[in-house]
Amino acid sequence: MARQSFLTAAAAVLSALAFALLLVAPGIEVAGVDVEAVAAGAAAVLLVAALVLGREERARAGLPAIEGLALVSLDAAGRVDAWNPAASRLFGLDRTAARGTDAGALFAPEELSGLRAELASVSESGRAVPPRGRRFRSAAGETFEGVGLLARGRGGEVLLVALDARAPGPDGRCVDLLENAPAGLLHVGRDGRIGSVSPELARWAGRRRELLPGLPVAEAGLLPRGLAERLGALATGEGPEPPAEEEAVELPGPSGATLPVVAVARRRAGGGADVALLSAPGRRRLVAELDAAKKAVTAAREAAAETIERTSRDVRGHVAETVAAAGRPRVLLVEDDDENRSLISHMLRSRGADVVAFPTGGEAIEAASRSRFDIGLLDLGIPDMDGYEVFRRLRALPGGEDLPLVAVTAFTSDFDKERAQLEGFNEFVPKPVTLSAVDALLRRFVPRSRG
């Protein structure tokens, strides 16, 4: 199984490289041989090998996740049966809803006329349709250019292998370097020879990165001649350092291709020089990101200033309320009925009390553990625990023995009164609570608790 996995991976990597050659070397001949045709054949053979070798692994773990290659398995009726992560991203295939989708949904409308015949031919004859340029369609309805191959698996399923032409090839080559920001970086030592090269620049030039260090920068062919000579002079320290200004240049690439970039060269403090190369779209993108960052910083500062001001106002208001409440009795009220809680609170406040009211005993106990109160009014029939349990826990708090606690309840039998008295309540007040009862409680207990 390990040997089969190795062969599968090797075939997949080689097929991916052949696909990349299709993208970057169209129409090239070497010694009279059509490189594009050879790459197409190699890609077809190697991909079929990879897919056939990986059948057991697909049965166990789904289609293989080959970087950059979208794999879709189609059943005998031409419906989507399985796919790998790259296909999910490329076509927008949903994990559950996509199964059973017609294969035509993956292709642009202009591809549909011959698609059924191709699928039938591959399914019946087993002969692969060689890779060629195709137009695909995502779940969002967007059409895009790509390269596609149709082949038959050992189980009779038809396999679609697709590569998005807009993205970097499977070997990491930057097919569209304009999306990189910066496009490349190069360092030159004091001797005018290349010290290091970023992967993006080496890929664009079609050069092996590990072979570039040590070459004279003026002769390496990575930069336009004039820029390379100025960079070499800057690195060797000949003449004063010019200001670091942007310079528009044409970056040489393979097969005579050029890429317009903006170059910024500067001397290193410890010797040598660097040049940064930025494509025009990449520069716009970088400037936009910097502007967005500046705006975000400004917005964060404004938000922080507003938060500080609001917090300062809240603190000042809290201090004012605390000072104003210092001369008022603080009452802890526990009442689960909203209307009763509001009514009793209103009566207490009308007599100058500072009321902290809760619908549950747990909240009241927590508040009492953090704050001082002059008197507590406890409903005996609250939902989370009965009033007697709240009473016992309040008494157990530091200073709880000195806190007057009043039982407030609709249970007014002699038994309830006697139980409240035996439990240790300071007073028993039947519901509905009246304003005269509130006055009596404040007159009786507040001076005593403060004294």
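Here are some friendly notes on a predicted model, taken point by point.

1. Let's begin with the largest nonpolar core, which has 26 residues. Which of them touch the most other members? They are Leu186, Leu222, Leu223 and Leu277. Several elements each supply at least two residues of this core: strand 8 (184-188), strand 9 (194-197), helix 6 (199-205), helix 7 (225-236), strand 10 (247-252), strand 11 (258-267) and strand 12 (273-279). Helix 7 gives the most, with five residues.

2. Now pick out Leu186 in the structure above. Setting aside neighbours within four places in sequence, Leu186 is in contact with Ile194, Ser196, Val197, Leu201, Val217, Leu222, Leu231, Ala273, Asp274 and Val275.

3. Next comes His187, a residue of strand 8. Is His187 buried or exposed? Its relative accessibility is 14%, and buried means under 20%, so His187 counts as buried. A polar atom of the His187 side chain lies 3.1 Å from the backbone oxygen of Ala273. Beyond its neighbours within four places in sequence, His187 is in contact with Arg193, Ile194, Gly195, Ser196, Arg268, Gly271, Gly272, Ala273 and Asp274.

4. Where does Gly424 sit? Its place is in the loop between helix 12 (414-423) and strand 17 (427-430). Gly424 has 30% relative accessibility, so it counts as partly exposed. Leaving out neighbours within four places in sequence, Gly424 is in contact with Phe391 and Arg395. Gly424 and Arg395 are 29 residues apart in sequence, while their C-alpha atoms are 9.6 Å apart in space.

5. Finally, have a look at how two helices pack. The axes of helix 11 (residues 387-396) and helix 12 come within 11 Å and cross at roughly 15°. Why is helix 11 called roughly parallel to helix 12? Angles under 35 degrees count as roughly parallel, so the crossing angle gives helix 11 that description relative to helix 12. Helix 11 passes helix 12 in a right-handed crossing. On the helix 11 side, the contact is made by Tyr388, Phe391 and Arg392; on the helix 12 side, by Asp416, Arg419, Ala420 and Glu423.

Definitions and conventions: Residues are numbered from 1 along each chain as its sequence is written. This is a predicted model: local features need pLDDT of at least 70, side-chain atom pairs count only at pLDDT 80 or more; totals for chains, interfaces and linings use all residues. Side-chain values use heavy atoms; hydrogens and water are left out. A nonpolar core is a set of buried Ala, Val, Leu, Ile, Met, Phe, Trp, Tyr and Cys residues joined through side-chain atoms within 4.5 Å. Buried means under 20% relative accessible area, exposed over 50%, partly exposed in between (1.4 Å probe, protein chains only). Helices (H or I, at least four residues) and strands (E, at least two) are DSSP runs, numbered from the N terminus. Contact means heavy atoms within 4.5 Å. A polar contact is a pair of N or O atoms within 3.5 Å; within protein, one must be able to donate a hydrogen and the other to accept it, and residues adjacent in sequence count only if both atoms are side-chain atoms. Axes are lines fitted to C-alpha atoms, for helices over the stretch in contact, and angles run from 0 to 180 degrees between N-to-C directions. Angles under 35 degrees count as roughly parallel, over 145 as roughly antiparallel, 65 to 115 as roughly perpendicular and the rest as oblique. A crossing is left-handed if the near helix is turned anticlockwise from the far one by less than a right angle, and right-handed if clockwise.
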